[in-house]
Structure formats: C-alpha cells, structure tokens
Amino acid sequence: MVGIYPPSQVTDWLVPSRSLFLTIHVLGVACFLYIVAKRLVPLTRAERDPRFDRPLIRLGRVLKFWLGQWKHPRYKFAGTIHILVFAGFILLAARAFTVLIVGVSENFVMPGLSGRAGPIYDIVTDYAATIVFLCMVVAAIRRLVFKPARYAVPAKYGKSHTPDAVFLLGLIAILMVADSLFAASNAAGHAQRGQPVETLATLSLPWMLKIVIGSMPLATLWGLNVGAYLVHEVTFYFLLCYRPFGIQFHVETSLFSVYFSKLERGTLKPVRWGVRDEHLDQVKSFGVKTFEEFTWKHMLDFYSCADCGRCADNCPANAVGRPLSPRFITIKARDYAFQHYPVFGKANNGKPLVGNVYSEDEIWSCTTCGACEEECPLLVEYIDKIVDLRRGMIDDGNVPQSLQKPLKALESRGNPYGKMEKKRGDWAKSPEVQQSGKVKVLDGNNDADTLYFVDSITSYDDRMQSIGRATARILGSLGKNFGILGASEKDSGHEVRRFGEEMLFMALRNHNTEAIKASGVQRIVTADPHAYNALKHDYKDVPPVEHISEVLAREVRAGNVRFNRVEDEARVYAYHDPCYLGRHNQVYDDPRDVLDTIPGLKRVEMKRSRDRSFCCGGGGLMLFYEPKEEQRMGVVRVRMAAEAGANVIVTACPFCMVNIEDAIKVAGMEGKMSVMDLTEVVDQHMVRGVCDEKREELETATVGG
Amino acid sequence: MARIFAYIVHRSGIVDDSAAELAAAARKIDASAYPTAIVTGWGADLDAACSSLTPCFREIWKIANDALAYSNAEFVRQALVNVLPRNSIVLVSHDHFGIDLSPGLSIKLDSAFVSDVLAIDGVEGDSLELVRQEFGGQVSTHVRCDMSSGAVVNVRPGAFKPEQSAPAAGVVVDKSSAVRALVARRRYLETIVAEAGDVDITKHSVLVSIGRGIQEKDNVSLAEELAEALGAAVSCSRPVVDAKWMEKSRQVGSSGKTVKPKVYLACGISGAFQHLAGIKGNPFLIAINKNPKAPIFQVADVGIVDDVLEFLPELTNKVREMRGVAAK
Amino acid sequence: MEILVCARRVPDTSENEIELNAAGNDIERDELVYSVNEPDNYAVEEALQIRDRVGGNVTVVTIGGEDDEEILRRELAMGANHAVLVSDDAFSGSDGRGIATILRDFVRKGHYGLILTGVQADDGAAQVGGMLAAMLDYPFASLVNSIAVEDGKLKVSREIEGGNREINEIDLPCVLSIQTGINEPRYVGMRGIRQVASVPIPTLGAAALGVNQSAVGEAAAKVRRVDYFVPALSKEAEMLHGSREENASKVLELVAAKGGLK
C-alpha cells in the first residue's frame with residue numbers, strides 16, 4: 001500500500017516522520033515490555049504450579065477454547081460480538097503490522113501477501129475492520145443503554161466499570177476508523193492522481209469513507225492520510241500499553257491462561273505442589289493467607305479476567321444474595337496485584353487477604369459447584385483458590401462455630417453427626433432391604449466383588465437411608481455381588497477437603513483406603529456423587545468407582561432391566577443434575593436414559609440443566625454452615641422446576657434431596673412439588689425377578705452374610 | 001443431729017418459692033427439725049424479707065450490714081462464716097447465687113459440699129444420703145456425704161415441694177453484731193438488664209419452645225408458623241441462643257426468663273434442668289423429641305417421639321384446618 | 001499476666017449416648033468419645049485472648065493420667081504456652097474438695113495472676129473453682145461471661161437470672177469460673193494436634209507438689225458417688241404412639257382442652 005506522499009516521507013515536521021514513527025515503535029514496544037515485566041514480578045514470587053505437561057493436549061485446548069472461542073456462544077449475543085471481534089483481530093493482525101511498518105519502510109509488504117493473496121487479504125480485512133467497528137458501536141450501545149445486569153458493580157465493590165469499558169471500545173473503534181481512513185485516503189489520492197487504485201471492499205468502512213472524502217483536494221487527502229496514520233500508530237501503542245492496566249490484558253494473557261489451564265475436572269490442587277503427603281508436617285503454613293501464596297497460574301488468572309460477569313451470573317451463591325461473587329474474587333485480587341506490584345513504583349507489602357480483601361463469609365459461602373469455572377471463556381479457575389483460602393483460615397483456627405462441631409465429630413466419630421460408628425451399617429438391617437437379599441458387611445468374614453460405598457448422610461439420616469435401601473435393593477435385583485463396609489466405613493471426606501481441613505481429610509481417606517483394600521473388592525458403586533467424586537479423584541489406589549446411575553444405564557442398555565408403567569399419570573418429572581455427578585464428572589445422559597426407559601414417565605427439562613444446572617445448596621459440611629443469604633438455593637431450584645411444568649424433582653444425590661425437600665417446605669409448595677431420588681424411582685418401578693437366577697447363584701455361593 | 005440452716009436469697013425484700021423448698025428439704029434431713037433461716041441485707045428490704053419468712057421458719061437470723069445491701073457472695077460468705085456454729089448443715093438454692101457462694105463457703109467452714117441435689121433419702125449415722133444427676137441429666141447417682149464436720153448442700157430449685165404444714169410463726173433474731181469487718185476484694189458495680197426483645201415470652205399463656213432439635217436457623221420459621229397459627233409465642237432453650245438463632249430475650253431457663261404459661265410445647269428440647277428451672281406454675285407440657293431417652297419425657301405430661309422438623313408442620317396444618325384457614 | 005486454666009477431660013455428651021453399663025455400677029464407657037470439657041475450652045480461649053491483649057503466658061493443667069494428656073495437647077495446639085499433667089495414684093477417688101486441694105498445691109508452686117476454670121463439668125457440680133479460690137484465699141466470681149483487664153484488677157460480668165448481667169470489679173490474683181458463650185473458641189485442626197504430638201508434657205506427682213496425701217484421694221473424700229442409676233419414673237409422660245397425623249390431632253385436642261387456643 002504505497003501512498004502518494006507516504007507517511008514515511010514527511011520532512012517538514014520537527015523531525016523527519018520516519019524517525020518519529022520509528023521512535024514511537026521503539027518506545028511503544030519498550031514500554032509494553034517494561035509493563036509486562038513489572039506485571040510478571042508477583043508471578044516470580046508466587047508458589048510453583050506445574051503446568052508444562054501434556055503439551056499436545058494443552059495445544060488442543062488452545063485451539064478449542066482460544067481460537068475456537070468454544071465457550072462464547074453460551075451467551076449468544078455477547079458471544080457473537082466477541083467471536084466477530086476476535087476473528088477480526090486475528091485477521092487484522094498482519095494488516096496492522098504492515099501499516100505500522102510502512103511508516104518506517106514504505107514498501108513493506110507482509111511475506112506471502114505480495115502476489116494475488118495481497119488484494120484478497122485487503123478485501124477480507126476491509127470487511128473485518130468494518131465488522132469490528134460495528135461491533136464496537138453495538139457493544140457500547142449495549143453497555144450504555146441496555147446495561148445487562150451482569151456488568152453491574154454493587155456499591156460495596158466500588159465504582160462502575162462501564163466508563164473504562166466504553167473508553168476501550170472507543171479506542172478500538174478509533175483504531176478501525178484510523179486504519180480505514182488511511183486506506184481510504186490512499187485510494188482516493190491514487191484515484192485523483194490517476195494512479196492504480198487499490199480495490200476497497202464494497203460497503204466496507206474504507207469504501208464508504210472513500211466516497212465521503214473522494215472529491216476533497218489532494219492536500220486535504222494527504223493531511224487525512226498522514227493524520228490517520230499517526231492516530232493509528234499512537235492509538236495502537238496506547239492500547240498496547242494500556243491493556244495491562246485493566247481487563248483488556250486478557251487480549252495478551254488469554255492464550256496463556258488457556259494453555260496453562262487445569263486439565264482434570266473434580267480434582268483439587270495439593271496443599272503445596274511438590275510436597276508429598278508424608279512431608280506435609282514440615283510445611284510451615286497451609287493454604288493461602290497472603291497474596292504471594294497463590295500460584296503463578298492463579299495470579300495469571302487474576303490478570304486474565306475480562307470482567308464479563310458470566311461466572312457471577314451463574315453462581316448460585318451470588319444469585320441468592322450470599323456475599324460471594326466469583327467475578328469480584330478475581331477483580332479484587334487483580335486490583336491488589338496492581339496496587340502492591342505497581343508498574344510505576346516499588347512493590348510493597350500488603351496485609352493478609354482474609355479480613356482485608358476478602359471477608360470470611362465470602363470464602364465460606366462457596367458450594368464448589370463449579371458453575372463459574374464451567375462458564376468462564378478464559379478458563380479462570382476458582383475452586384482451587386477458594387479451597388486454598390479456606391486452608392489458610394483453618395490453619396489460623398479461624399473457623400465458624402457452626403462448622404467446628406461437625407469437624408470435631410468427623411475427627412472423633414468419622415461422621416459429621418457425631419453418631420456412633422457401630423451404628424453406621426444399621427440402616428441395612430431393615431426388613432425392606434432383606435427382601436432383596438441380605439446386605440453383606442465386608443468385615444473379613446464376607447467378601448464380594450463390588451463395594452457399595454454408602455457415605456455418612458445415607459447411613460445416618462432417617463430420610464436418606466431410604467436411598468441406601470433402594471440402592472441395595474437395586475443392586476440385589478441386578479444380581480450384583482456386593483457388600484458395604486458398615487462400621488469400618490468413615491466419611492469419604494470430600495467436603496472436609498473442600499473446606500480446607502486437609503489433614504483430617506487425609507486421615508479419613510487413609511482409613512477408608514485401607515478398609516476398601518482389605519475388603520478385596522474390584523469395583524465400587526455409590527449413590528452419593530460427593531463420595532463418587534472423592535473416590536474417583538481424591539483417593540488413590542482404590543478400585544474404579546461408578547455412580548449407581550451409570551450402572552443402571554448400562555444394565556438398561558443391555559436389556560437386563562424392565563420397568564413397570566408409571567401409575568400416576570399426573571406426575572411430571574424434572575431431573576436435577578447434581579453438581580458432582582453432572583458438571584464435575586459429566587454424567588448427564590445416564591440418569592436421563594434410565595428415567596426415559598420407564599414406560600409412561602413424563603419428563604421435562606428445567607431451564608438450567610446439564611452443565612448449567614443450578615446448585616441445590618451444597619453438600620457435606622455445607623449443610624452445617626449458616627450462610628448470610630436472602631433466600632435458599634433450593635427454593636430457587638424448586639421454583640425453576642415448577643416453571644418447567646414439573647411436580648416431581650428427581651435427583652441422584654442425597655444432599656440435593658435434603659436441600660430440595662427442605663426448600664419445598666420453606667417455599668410452601670408441599671402438595672405441589674415432591675422430590676425423589678433416582679434410586680427410589682427405579683426401585684418403585686423395577687420389575688423384580690429379571691435377575692433372580694443370578695441372585696440365587698450368589699446366595700448359595702456366599703459364605704456367612 | 002447438727003443444726004440445719006437455710007440461706008435465703010431475696011431480691012429487694014421479696015423472697016421466692018426457694019425458701020419454702022429449702023424448708024421442705026431440711027425436713028427430709030431431719031423430720032423433727034426446724035431449720036433456721038439466714039437472711040442478709042440492709043434496711044427495709046431486709047426487714048420485709050424476714051417478715052415474709054416467718055410463716056416457714058421458726059427462727060430467722062437477720063444479718064444487717066450496709067455492705068450487704070447488694071447480695072455479693074464474697075461478702076455473704078464472710079458474714080456466714082462469722083455467724084454459723086461449727087458443723088452446721090447449710091442449705092442453699094442451686095442458682096446463680098448459690099453457685100457463687102457455696103463451694104467457697106464449704107471450704108471456709110471446713111465442711112463437705114454437695115452440689116445440685118435433687119432428693120434427700122435420709123441420714124445414716126454421719127452420712128447424708130442424697131441423689132444427684134450427671135451428664136446433663138441422663139443418669140442419676142446416689143451420693144453419700146460425710147457431714148461429721150458439717151455440710152453445705154446446694155438444692156436444685158423446684159426439686160422439693162414446699163410442705164403445707166402448720167405455720168411456723170417465726171422469730172427474727174438479729175445476728176448483725178457477730179459479723180466482723182467485711183473485706184472487699186470483689187466489688188459490685190451495676191446490673192445490666194437484658195434488652196427487652198420484640199416479644200415478651202413471660203406474658204404468653206402458650207409457648208412453642210424450641211431447642212437444639214430445630215437443627216438450624218432456617219427451621220425456626222417452622223416454630224413461628226405454628227405459634228402464629230396457635231396465637232402463641234416462640235421461646236427457646238440456651239443452645240438456640242448460643243447458636244444465635246434467636247435473641248436472648250426468648251430464652252427460658254435459669255439464665256434466661258422464667259415463664260408461667262398454661263401450655264408449653266417443648267420441641268427438640270432435651271430437658272436439662274437449667275431450662276426446666278425457667279418453667280413455673282406447672283403448665284401442661286407436651287414434649288416432642290427424636291430421642292426417646294431425653295430427660296424431658298420425665299417431666300412432660302404428653303410425649304411424642306418424632307422429628308420436630310416433620311411434626312411441627314403437621315401440627316401447624318391441623319391447627320390451620322381447624323381454624324378454617326387453607327393449609328398452605 | 002500469668003494465666004492458669006484448670007481443664008478436665010470428659011465424655012463428650014453431644015456425641016455420646018450415656019447409658020448404664022451391664023453391671024449397673026457405672027456408665028458404659030467402652031465406646032465413649034472424650035474431649036476437653038466445653039466450658040474449660042471457652043476458658044482457654046478467653047485466657048489466650050487476654051494474653052494476646054496484655055502479654056504473658058497461658059498454662060493449662062489437668063489432674064488425671066496418660067489418657068488425659070490428649071486434652072492438654074489440644075489446648076497447646078490451640079495456643080497455650082505450657083501444659084502440665086498432675087498425676088499420682090494417691091489422687092484417684094478424690095472428691096471435689098480433694099481436686100481443689102491438689103490444684104491449690106499446684107498453684108502455690110507457681111505465680112499466677114489469674115486462674116480460670118470452666119463453670120461446671122460432666123458431673124454438674126460447679127464446685128472446684130470456688131473451692132480453689134477459698135483455699136488460696138483469692139476473690140472468686142462464677143458464671144463469668146465477659147472479662148476486661150484494667151490495672152491490677154478485672155472488670156467481669158456474671159450471668160444472672162433473666163439474662164441480666166452483674167458487673168463486678170475483682171482484684172488480682174483471683175479465680176473465675178467461665179460460662180460457655182463468652183467467646184468463640186478458635187478451631188483446632190488435626191494439623192495443629194500433629195504439630196504438638198511430640199511436645200513433652202511435664203508430669204508432676206504428689207511429692208513434687210507437696211500434697212498432703214491424707215487430704216486427697218478416696219480415703220479423704222467426704223462426698224462419694226455410690227452408684228449410677230436410672231430412676232423409675234414416678235410420673236411418666238403419656239406417650240403418643242399413633243401416626244404423625246394422629247399425634248398432631250391429639251396434641252391439638254389437648255392444647256384446646258387446656259385453654260391454649262385463642
């Protein structure tokens with residue numbers, strides 16, 4: 001794109017234009033590098049975080065989530081705008097680079113674009129710039145006029161972010177206009193001089209600008225050309241150096257935040273990477289108490305937040321008025337980093353995070369449902385940070401009284417209710433269970449190939465014991481050779497770990513691991529998604545574990561299960577995805593497939609289902625915590641079910657059951673809504689006798705019982 | 001038999017039931033004995049207290065001292081040590097004052113001390129046979145106390161029924177001069193009265209009272225709904241206040257309010273005596289508790305073994321049905 | 001300020017079902033879970049908070065045997081500076097007065113400005129604090145639910161009837177018995193316990209304390225527990241055994257009959 005009076009050849013300014021532009025390049029890049037170096041300082045002081053493994057998988061994720069913008073369409077309108085802008089930026093990269101260099105070396109052409117590809121590229125990028133410009137206008141209108149709720153900043157978190165957002169949108173728009181005006185004035189100048197005119201894409205911004213300026217005097221055109229060029233260069237470098245001061249830093253950091261993102265679901269980071277469990281006693285301090293105790297990836301996450309608010313929009317704690325907003329967990333930490341590791345000035349010490357940046361309730365309010373992580377387009381992680389902050393509070397003895405009792409009971413009795421260990425297996429002695437065959441206790445006198453891991457709530461809670469009974473009856477009817485650990489089972493420790501009590505968790509895990517190994521089983525089944533997740537991800541060296549819905553789905557597909565018809569035609573069922581079965585472990589279809597096999601069962605989907613399922617309120621220790629909230633998560637969920645036209649909620653988790661049952665009462669919807677566990681629905685409708693021969697075989701082979 | 005004394009606490013000259021209860025307790029130790037009341041204080045209040053005791057006690061020892069105008073246990077202890085004969089048996093009500101006074105008193109008198117006694121079975125030689133409870137009232141114990149060098153016995157309020165015997169026509173004896181100078185190493189400053197809450201539970205004739213069995217703050221609403229349907233008020237036991245689920249003004253018990261309702265529904269309350277001590281007037285007590293062994297069933301008129309979280313809504317519905325309000 | 005807290009290891013009533021044993025002479029102790037007496041734990045937390053405000057040390061002492069060390073470790077993990085086990089065969093069977101005597105001899109071996117006990121333990125006697133104060137001739141206050149430190153003295157609030165609070169000024173050294181709810185005890189996690197697992201805990205016997213053996217132990221006890229029993233109920237509640245609905249109806253009937261419906 002050689003101009004008549006190329007910008008590089010202006011000689012009547014104070015300095016030759018070529019030198020000016022070159023200087024701006026050098027200064028701009030140097031500033032940017034300096035700023036980035038300052039931004040990296042806290043990361044050099046952070047905890048280690050091994051994220052350099054499995055490069056191919058990580059590259060694949062970059063292609064999917066970064067290049068492919070995989071999560072963006074979850075919010076259709078904003079997602080579309082972003083995809084267009086992102087694609088536009090990628091396409092425009094070479095053009096921008098060329099424009100910048102042309103001010104110093106006027107004949108510069110990008111390698112590969114010198115032949116026929118050049119004009120094609122120019123036309124494509126004309127449209128790209130136009131679309132980006134239009135997106136900026138639409139986005140600004142959206143922010144200023146329609147003001148989507150998720151961008152709002154509650155007073156306690158400070159001032160609105162909209163002015164800054166609109167400022168940035170404006171700058172990008174200016175960049176597009178400057179680029180388009182440069183191209184337009186080049187073409188207009190060439191046209192007036194009778195030189196070959198570059199083709200501008202029809203109806204694109206440069207094309208329309210050329211029509212506007214086409215008949216202006218050449219001198220004006222030249223002024224516009226150089227002016228546009230200067231504005232372009234200055235705006236480009238201003239944006240480059242401004243981005244690391246706010247949410248737009250994600251433009252640079254997103255590639256890295258996606259590449260280095262966590263590869264597994266449902267797991268937690270260890271207390272300290274590189275320190276084995278046996279050596280944890282030597283660690284001076286557990287958890288994150290000061291900012292520097294975050295890992296470098298966590299700090300990178302803080303920089304990478306685009307303030308889109310999708311996390312908070314899906315966070316159930318936020319929805320019910322708890323003092324937690326994931327968005328502000330990140331933004332406040334980012335602001336802390338900006339304040340204590342400034343670009344201009346020296347790094348300075350801060351105070352402990354809890355009590356100064358975060359409140360205790362803010363950190364305890366999280367149910368670890370994972371909705372935030374599922375939503376974030378930048379793959380920012382939250383659960384590990386919350387757990388690390390909790391580890392720090394536990395280490396300091398700073399635990400709400402409501403949680404101290406169940407923690408103490410877990411330590412002394414292996415369950416949060418303080419009930420006696422010897423009674424843990426008593427639920428299995430009921431006559432209804434005996435009907436389908438006695439439940440064996442794997443105490444050394446019996447063995448089986450399958451362990452039914454019951455966990456605490458199903459063992460001890462009067463209402464939840466029915467899930468245990470239903471599961472045992474189902475396993476019996478399926479002909480499974482199974483048993484329970486009974487009194488030698490302790491709480492899986494899933495929430496103990498997620499509430500930050502790592503050592504108590506390890507004690508429970510080690511005890512259970514030994515008991516499981518001693519039982520000699522080859523597989524584990526559970527009806528409790530929290531136990532399922534713990535056994536699958538937190539425990540090592542235990543046999544593979546499945547949730548009862550997975551077992552049932554397999555048997556249903558194999559034709560081993562038949563169901564009776566649903567009796568009550570009026571019942572409409574809605575399946576609620578438990579967080580730890582659905583989102584964290586991606587078991588969405590198996591429970592649905594099982595339900596859909598029951599003849600005559602009417603099922604509807606709630607608005608928020610599958611990976612957008614709305615947490616019931618949380619399980620394990622969360623049942624004991626007394627949050628400050630405006631209403632219960634369960635109540636919100638029950639209303640969603642009613643809205644979907646259901647009168648029965650089916651869930652596959654005892655904690656969901658507890659929360660939803662309570663919520664039905666609190667919402668005053670008794671009689672209009674009820675809740676059942678998947679196992680109860682199956683138990684109710686299962687045709688018995690299909691696997692009878694198998695069971696009889698087993699009973700004759702069993703020793704004791 | 002050693003002489004039996006009963007230390008009577010008065011508040012601004014007013015003596016409560018505990019005086020007659022102590023007299024009855026003394027009779028259990030020695031059926032033929034008439035215990036001597038001891039009262040400390042100052043001025044008109046003290047005189048009023050003494051006269052009100054004349055029906056229960058034959059002899060009332062009055063100790064007047066301006067330092068005793070407010071019953072400071074540290075002072076009272078010194079006064080009693082000056083005045084009591086050796087090897088006496090002293091009965092005191094096991095309340096905030098008795099807890100403060102008696103253990104130290106027993107040491108200064110060089111006597112034995114038994115706390116929170118529920119029943120007196122009798123005397124065997126030099127031994128007093130008593131009944132106490134342990135573990136929050138879950139088990140009882142027989143206790144033997146060697147009273148050869150005297151004994152201080154704290155008696156549980158409400159455990160002994162006042163006797164309806166012939167009036168005693170007591171005589172007031174002034175023992176003030178026997179008291180030497182009282183040393184002040186603990187000084188009373190003031191009493192901060194508990195904040196009046198929104199509801200005065202002492203004024204309600206029906207109370208729906210909740211305990212630990214309510215399990216969490218959100219479930220308090222179940223009791224409130226029942227109370228609303230009944231036209232009653234919600235009160236509670238101490239653990240509910242400690243957990244901050246209800247205000248202190250709703251607490252029934254020895255460190256809370258004393259109530260005299262007609263009907264008392266004890267929902268998820270175990271029945272620890274400190275709570276029961278706040279219930280007077282022998283109301284019709286209905287207890288609902290998951291634990292069939294809860295001590296509350298020993299004092300209830302009607303008992304139901306059930307989970308209050310399930311029972312309360314059921315009861316609320318029945319009340320609403322009866323009243324013709326559509327069950328929610 | 002040198003603060004001493006007297007603590008005791010008791011069966012945890014909230015996590016145990018207390019029942020008589022087969023022989024009927026004690027409670028069934030086989031499967032009991034023990035922990036530090038709750039009011040004592042509040043007392044330790046209060047001591048730690050006072051120490052953190054005015055400086056000094058917190059020592060926790062208990063009388064017992066090896067099994068009782070675990071509560072001392074727990075309180076050390078909580079933040080106490082020192083822990084001492086007072087143990088001697090001669091002490092077994094002591095009544096409350098005997099316990100107070102042993103504690104008095106222990107206190108005399110040190111210099112404590114403030115001594116705290118929990119208001120009562122599993123036997124509900126609420127006696128040791130008051131006895132100890134009298135033996136030491138220190139001023140005493142029971143049922144304390146707040147403490148403010150002033151020069152050479154304390155301002156304490158006592159819990160009295162009606163939820164009212166009696167404010168007293170008390171000279172140091174003194175003995176206070178602490179009521180639950182005075183503060184919010186900090187959490188002691190497994191990690192904390194493990195960190196103090198191998199801290200040596202000094203044990204002192206009768207000789208080291210100069211205890212007059214004829215004043216303690218079973219022989220010297222003036223108050224003895226003869227047995228445990230569950231009383232036959234003279235007045236039993238009428239238990240309702242119907243369905244939940246039936247029970248609710250009956251309750252409503254009774255409430256109405258007693259004039260409970262407005």
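Predicted model: local features only at pLDDT ≥ 70, side-chain atom pairs only at ≥ 80, totals over all residues.
**Around A:A149**
- You'll find A:A149 in the loop between α4 (117-146) and α5 (162-193) of chain A.
- A:A149 and A:D313 sit 164 residues apart in sequence, yet their C-alpha atoms are 8.5 Å apart in space.

**The ten-stranded sheet**
- Ten strands make up an open sheet with mixed pairing, in the order β13(B)-β9(C)-β8(C)-β7(C)-β10(C)-β6(C)-β1(C)-β4(C)-β5(C)-β11(C).
- At the edges are β13 (186-192) of chain B and β11 (203-204) of chain C; each has a single partner strand, so one side of each has no neighbour in the sheet.
- In chain C, β1 (residues 2-6) pairs with β6 (residues 114-118) in the parallel sense, over four bridges.
- Within β6(C), the residue opposite C:L4 is C:I115.

**Helices lying across strands of chain C**
- Helix α1 (residues 38-54) of chain C lies across β1, β4 (57-63), β6, β7 (140-150) and β10 (174-178) of that chain, at about 150 degrees to β6(C).
- Helix α4 (residues 128-136) of chain C lies across β1, β6, β7 and β10 of chain C, and runs at about 70 degrees to β7(C).

**Where chains C and A touch**
- Chain C brings twelve residues to this contact, and chain A brings 20 residues.
- On the chain C side, the classes are four nonpolar, two polar and six charged residues.

Technical notes:
Residues numbered from 1 in each chain as written. Chains lettered and ligands numbered in written order. Contact = placed C-beta atoms within 7 Å. Nonpolar A, V, L, I, M, F, W, Y, C, P; charged D, E, K, R; others polar. Helix = DSSP H or I, 4+ residues; strand = E, 2+ residues; numbered from the N terminus. Pairing = 2+ DSSP bridges. Axes fitted to C-alpha atoms, helices over the stretch in contact; angles between N-to-C directions.
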